[in-house]
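I opened my notebook to look through strands, loops and helix packing. Here is what I looked up, entry by entry.

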Amino acid sequence: MKKPNSYLCLWLIVFVFLCTSNAAAVDVPELIWRQSLGGNILCPPSYQLESVVAVCAGGKLIAFSKDGKLLWQYKAGGRLLPFAARSGFSTTYICRTNNILHAVNRVGKLLWQKNLKDSMICAPIIGWDERVFIFLQKKIMCLNARGVVLWKIDIESPLAFDAVPDKSGGIACILQDGTFLNISAFGMVHAVLLPKVPKSIVPFKNKYNDQFLIIYKDGEIDFFENTIPNSNFKALGTSVIASCEYNNSAAILLATGELVLWSPEAGVTKKIASGLRPKQNEQCSMQYNKDGITLLSNQMAIAFNSKLETAWSMILNSTSTLPARGDNILFVSGNDWLLYAYGIKNDDVKISNNKNSLVVLPSNNYGLFQAPGDAWDRLKNTNKSDFEQLIKTISMDERNGNIGENEVYYTKILLGMAQTEDEFLEIAAPENLQLRLQAIYLLGKIGSPEIIPFLVDLFSGKSDITIKTAAAEALGSIGMDPDMLALNAFDAGIRTEESPANEHILISIAKAVSSICRFSGPPLSGKGIPILIEIKNQTKSRLVLKTVQAELDALFSR
């Protein structure tokens, strides 16, 4: 028998190796830009649509465009804690070491600040309507997007690790004493004392209830429906590094380097080699989006597509924080005080299809914009003194930060008092005007963007000037205008043949427009500033001119 040519065998081996390597090859992100931060970055960069921000030593918050252009720098006036959160409006929440929380808008201007009077211990979580959940050493609190405290809850022990959002617009967390807390957006608390402190929580939701997978470091698991435990699931058999939701299942990274998929119905359904073996005590996080899963550590970043095939991977060196994902970009912070941006695939953030703005709000809502219904039915025969007491109670709770579980009920009452439909004629009577104005004021104070359509209708309808003025002021107080409903209503209101000549309503429109522009920045300011200029061109009132000019100066000030 003729022996095979040795050179031919060698080439066959090389060919098979190259083919196999090519089949298994994955993309490696390429550097697209890098920028100097002038100091060490304190926490992972935070990306929202078109820009990324970095919290840096020296009390600086620095923003870059996705193309690497320096957009702005915000100086907090003191050292910052290593936490940041960005909202759908790109408002960035940062906190100084003296417990002063700063809300900075998308163009780097301070919106408001608040003394939390306690140390923040992890990054805030943003709710469906831009409410902000804050986690302190001895307290958890919720603020609306304008800094009004909606509720606060004392806790017996600090958090064991970062809280997570649940699937109902609330939050879930574990305290260091082993207590599991599920807190609704309105401050309703469900608590369970666990046998030991877990490693992580993965939230689920079936048709009716919230569900939570509680994973312990040793691989044991508990499963909760609401707060009812089910411990009849097989342990994972080894220690756990990190986890995240995956298409209503859980993706769990084990210390062996295996990536495990787990579902409430079937337990472990799949195992794959992740390629990531974090060292002991090394930071590691997992993120999920419809394109797949991303594993991030200080040493490596790996992404898996929706079929759990490796999409790209990258070895990292000398990172000061965990990397962060953005719009087709991986952001890596170096110990060299540089921020690096690498081009990647399977982006987890999609550009908004909203033609009006670069605002991304969840489609979910808290049900705050609903007809008063039963809440009002019980009050139809209530006299004026009772309404006055209701207003007094709501006002007091707003001042004390105790709206809490009553938020839905209070909102319905205020909506009923503010509107002018036939069934509410009694409260709409002229002698009750002051009560209606107070109700509208409170809607703006504690209001969610969910009630913007109601206030816009109130402004645009046949209400008298006083009610229109109050509605405009309330819209300005809320500040958000994701669909430009308020700005469009103001624009229409000053451009019709019956344009308002009343000084009070023009001033209220000018202040509301300026507030919305300040809160949202561009592109809403591109719609709002022409409204201010139009008012300035139309009016002959010195008071209105002075007000409009002051608002324009404030918007354009550095």
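Before my first entry, the rule I used for strands: two strands pair if DSSP finds at least two bridges between them. I also noted that this is a predicted model.

**Entry 1**

I began with strand E10 (residues 125–126), which runs antiparallel to E11 and is joined to E11 by two bridges.

I noted that the hairpin from E11 to E12 goes through three residues.

Are the faces of E11 covered or open? I found both covered: Val-132 and Ile-134 are buried on one side, and Phe-133 and Phe-135 are buried on the other.

**Entry 2: a four-stranded sheet**

Next I traced an open sheet of four strands, with the order E6-E7-E8-E9 and antiparallel pairing. Its edge strands are E6 (85–86) and E9 (110–115), each of which pairs on one side only. I followed strand E8 (residues 100–104) to E9 and found five bridges between these antiparallel strands.

**Entry 3: positive phi in two loops**

Asn-247 has a phi of about 55°, and I placed Asn-247 in the loop between strand E22 (240–246) and strand E23 (249–254). Is Asn-247 buried or exposed? Its relative accessible area is 56%, so I wrote it down as exposed.

Trp-337 has a phi near 65°. I found Trp-337 in the loop between strand E31 (329–333) and strand E32 (338–343). Its relative accessibility is 43%, so I listed Trp-337 as partly exposed.

**Entry 4: H3 against H4**

For helix H3 (residues 384–400) and helix H4 (residues 407–418), I noted axes that come within 11 Å and cross at roughly 135°. That angle is why I called H3 oblique to H4. The crossing is left-handed. From H3, the residues that meet H4 are Phe-387, Leu-390, Ile-391, Thr-393, Ile-394 and Asp-397, and from H4 I listed Tyr-410, Ile-413, Leu-414 and Met-417. I sorted the residues of this contact into eight nonpolar, one polar and one charged.

**Entry 5: H7 against H8**

How far apart are the axes of helix H7 (residues 452–460) and helix H8 (residues 465–478)? I read 8 Å, with an angle of about 150°. That angle makes H7 roughly antiparallel to H8. This crossing is left-handed. On the H7 side the contact includes Leu-455, Val-456 and Phe-459, and on the H8 side Ala-471, Ala-472 and Leu-475 are among the residues. By class I noted eleven nonpolar, one polar and one charged.

**Entry 6: what covers H9**

Last, I listed the buried residues of helix H9 (residues 485–495): Ala-486, Leu-487, Ala-489, Phe-490, Asp-491, Gly-493 and Ile-494. What covers them? I found that the cover includes H7 and H8, along with helix H10 (503–520) and helix H11 (524–538).

Key. Residues numbered from 1 in each chain as written. Predicted model: local features only at pLDDT ≥ 70, side-chain atom pairs only at ≥ 80, totals over all residues. Heavy atoms only, no water. Axes fitted to C-alpha atoms, helices over the stretch in contact; angles between N-to-C directions. Parallel < 35°, antiparallel > 145°, perpendicular 65-115°, else oblique. Left-handed = near helix turned anticlockwise from the far one by under 90°. Contact = heavy atoms within 4.5 Å. Nonpolar A, V, L, I, M, F, W, Y, C, P; charged D, E, K, R; others polar. Buried < 20%, exposed > 50% of the residue type's maximum accessible area, 1.4 Å probe, protein only.
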